[in-house]
Amino acid sequence: MGLPQAGLWLRRLWVLFQVALQVAVGKVFLILFPSRVKQHIVAMNQKNPHFSYDNWAPTLYSVQYFWFVLKVRWQRLEDRTEPGGLAPNCPVVRLSGQRCSIWDFMKGNRPLVLNFGSCTPSFLFKFDQFKRLIEDFCSIADFLIIYIEEAHASG
């Protein structure tokens with residue numbers, strides 16, 4: 001059922017320390033060795049045709065960068081579960097725009113089957129199979145489709 005509150009806060013504190021150290025070291029390297037850091041970052045992103053170092057560099061190791069990385073790393077602490085255990089109670093947004101959490105869709109002791117996907121060909125191709133699964137098991141379980149952000153969304 002997730003991490004105990006004290007354990008979660010200790011892990012968050014540890015992640016805070018790690019992210020702060022990484023950002024501080026990165027900022028120092030960026031100041032002391034700017035051309036080497038640029039060379040390294042450009043090499044890491046050479047497969048992305050839309051990557052522009054000059055557009056991205058000002059955000060590197062900034063305060064906004066720190067908060068974004070910290071938020072993502074903290075969220076990942078609660079994104080784990082054991083087989084047969086409860087799913088993480090992640091925030092979701094209904095089609096109406098109302099914010100809620102996954103556990104809000106649970107009804108009593110009924111299993112809640114989660115299907116995560118986006119409008120990719122593979123997800124849409126299997127959608128009819130998922131509908132049949134719902135038809136076959138709707139009397140004993142509830143089903144929820146969670147639309148995830150596109151990994152490669154375009155502008």
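Where is Y61 found? Y61 sits in the loop between α3 (53-56) and α4 (63-77), where helices (H or I, at least four residues) and strands (E, at least two) are DSSP runs numbered from the N terminus. Before you zoom in, note that this is a predicted model: local features need pLDDT of at least 70, side-chain atom pairs count only at pLDDT 80 or more, and totals for chains, interfaces and linings use all residues. Residues are numbered from 1 along each chain as its sequence is written, and side-chain values use heavy atoms, with hydrogens and water left out.

View A. The phi angle of Y61 is near 60 degrees, a positive value in a residue other than glycine. Y61 also turns up in the next view, as one of the residues lining the second largest pocket.

**View B. The second largest pocket.** Its volume is about 180 Å³. A pocket here is an open set of points on a 1 Å grid over the protein atoms alone, where a 1.4 Å probe fits, with protein on both sides within 12 Å along at least five of seven lines; lining residues have an atom within 4 Å of a point. The volume is the space filled by probe spheres set on the points, which are joined across faces, edges and corners. Among the lining residues are V25, F29, H40, M44 and W56. Helix α2 gives the largest share of the lining, four residues. By type, the lining divides into eight nonpolar, three polar and no charged residues (Ala, Val, Leu, Ile, Met, Phe, Trp, Tyr, Cys and Pro count as nonpolar, Asp, Glu, Lys and Arg as charged, and the others, Gly among them, as polar).

**View C. F33 between two helices.** You'll find F33 in the loop between α1 and α2. F33 has a relative accessible area of 44%, so it counts as partly exposed (buried means under 20%, exposed over 50%, partly exposed in between, with a 1.4 Å probe and protein chains only). From the C-alpha atom of F33 to that of R99, 66 residues apart along the chain, the separation is 44 Å.

**View D. Salt bridges.** The structure holds two of them, each a side-chain nitrogen of Lys or Arg within 4 Å of a carboxyl oxygen of Asp or Glu. In one, R110 pairs with D142, with the closest N and O atoms 3.1 Å apart. R110 is partly exposed at 26%, while D142 is buried at 12%. D128 forms a salt bridge with K131, at 3.8 Å between the closest N and O atoms. Both D128 and K131 lie in helix α6 (residues 127-137), three residues apart, about one turn of the helix.
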